[in-house]
Amino acid sequence: MQLLHQLYQVGGSLSGLTHTSVADPFDDCNVYVLQLQNELVLFDCGNGETLEQIFSQMSYWGLDAEKISTCFLTHPHWDHAGAGWLLQQKGISLVAHTHTADALASGDERCCGFLYHKAFHPCNVDLVVKDKQVIEIDGFQITAHHFPGHTRGCTAYEFELENRRIFVTGDIIGTLGYGYFGWDGSIDFDKKTYLETLQKFSRIEFDVMLPGHGLASFYSPKNRVEDSLNQALIEWR
């Protein structure tokens, strides 16, 4: 579905856009496409079983999957990065934080295949990024924000479109609903670090949140971060 003139959501089981045989509403993450002048950019890529469904959604909106140049991965979980190796077979570059890159290369429990009774197919990241690094693609700038806690390498990606400051947040916010933070069962989950991330994120002013599951927020997305921080403080202190 089209979110803005150059921005689309083309995957996500909780949104009803993709589905697998796994009986879990969180088995496939939200996948977003940013349409640049000459290229397409993906944010996360789903679990791998739904890649053709994602391409079909793109085709409906007139987006040619052959023009995908890059996929930015928010973290290494199966539902977000399971299709990484398939994208690389198509010559698509993968971008991720160093800790996510390490997990993807090993395909170990940090990728959470076990949560879905699936094996994670390892893959190698083409560009490893760090906090506040700006990546330029087709004349367009995307900034990486290292927001660890849900996983050690969790990363949000920021860009500006139609005079809106947009954050693709993965599972940093909203895995279980509006007022919740990400799932805390990851092998490399860290409560103290996660609280620091939520505090840091709550100080940032922005206009649109594109979460890893569920609905996007186009109005007062900072409130959603503050609600998640409040919920985490209630549950974790």
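T151 is found in the loop between β9 (140-146) and β10 (155-161); helices (H or I, at least four residues) and strands (E, at least two) are DSSP runs, numbered from the N terminus. Please keep in mind that this is a predicted model, where local features need pLDDT of at least 70, side-chain atom pairs count only at pLDDT 80 or more, and totals for chains, interfaces and linings use all residues. Residues are numbered from 1 along each chain as its sequence is written, and side-chain values use heavy atoms, with hydrogens and water left out.

- T151 is buried, with a relative accessible area of 0%; buried means under 20% relative accessible area, exposed over 50%, and partly exposed in between (1.4 Å probe, protein chains only).
- Leaving aside residues up to four places away in sequence, T151 touches H75, P76, H77, S186 and D188, where contact means heavy atoms within 4.5 Å.
- A polar atom of the T151 side chain lies 3.2 Å from the backbone nitrogen of C154.

**The loop residue D138**

- D138 sits in the loop between β8 (134-137) and β9, and counts as partly exposed at 25% relative accessibility.
- Not counting residues up to four places away in sequence, D138 touches L36, Q37, N38 and E39.
- The D138 side chain reaches two backbone nitrogens, that of Q37 at 3.2 Å and that of N38 at 2.5 Å.
- Such a polar contact is a pair of N or O atoms within 3.5 Å; within protein, one must be able to donate a hydrogen and the other to accept it, and residues adjacent in sequence count only if both atoms are side-chain atoms.
- D138 and T193 are 55 residues apart in sequence, and their C-alpha atoms are 34 Å apart in space.

**Helix α1**

- In helix α1 (residues 51-60), the buried residues are L51, I54, F55 and M58.
- Seen down the axis of α1, these buried residues fall within an arc of 100 degrees, so they line one face of the helix; the arc is that of the directions from the helix axis to the C-beta atoms.
- An α-helix has 3.6 residues a turn, so residues three or four places apart point the same way.
- E52, S59 and Y60 are exposed on the face of α1 turned away from its buried side.
- The cover over the buried residues of α1 includes β2 (7-11), β3 (31-35), β4 (40-43), β5 (68-72) and α3 (84-89).
- Just after α1 comes G62, with a positive phi of about 75 degrees.

**Helix α4**

- T100, A101, A103 and L104 are the buried residues of helix α4 (residues 98-106).
- They cover an arc of only 165 degrees around the axis, which puts them on the same side of α4.
- Packing against these buried residues of α4 are α2 (78-81), β6 (93-97) and β7 (127-129).
- G107 follows α4 and has a positive phi, near 65 degrees.

- Most residues other than glycine have a negative phi.
- K132, in the loop between β7 and β8, has a positive phi of about 70 degrees although it is not a glycine.
- S220, in the loop between β12 (208-211) and α6 (221-236), has a positive phi near 50 degrees.
- S220 is partly exposed, with a relative accessible area of 45%.

- M1 lies in the segment before β1 (2-4), and is partly exposed at a relative accessible area of 34%.
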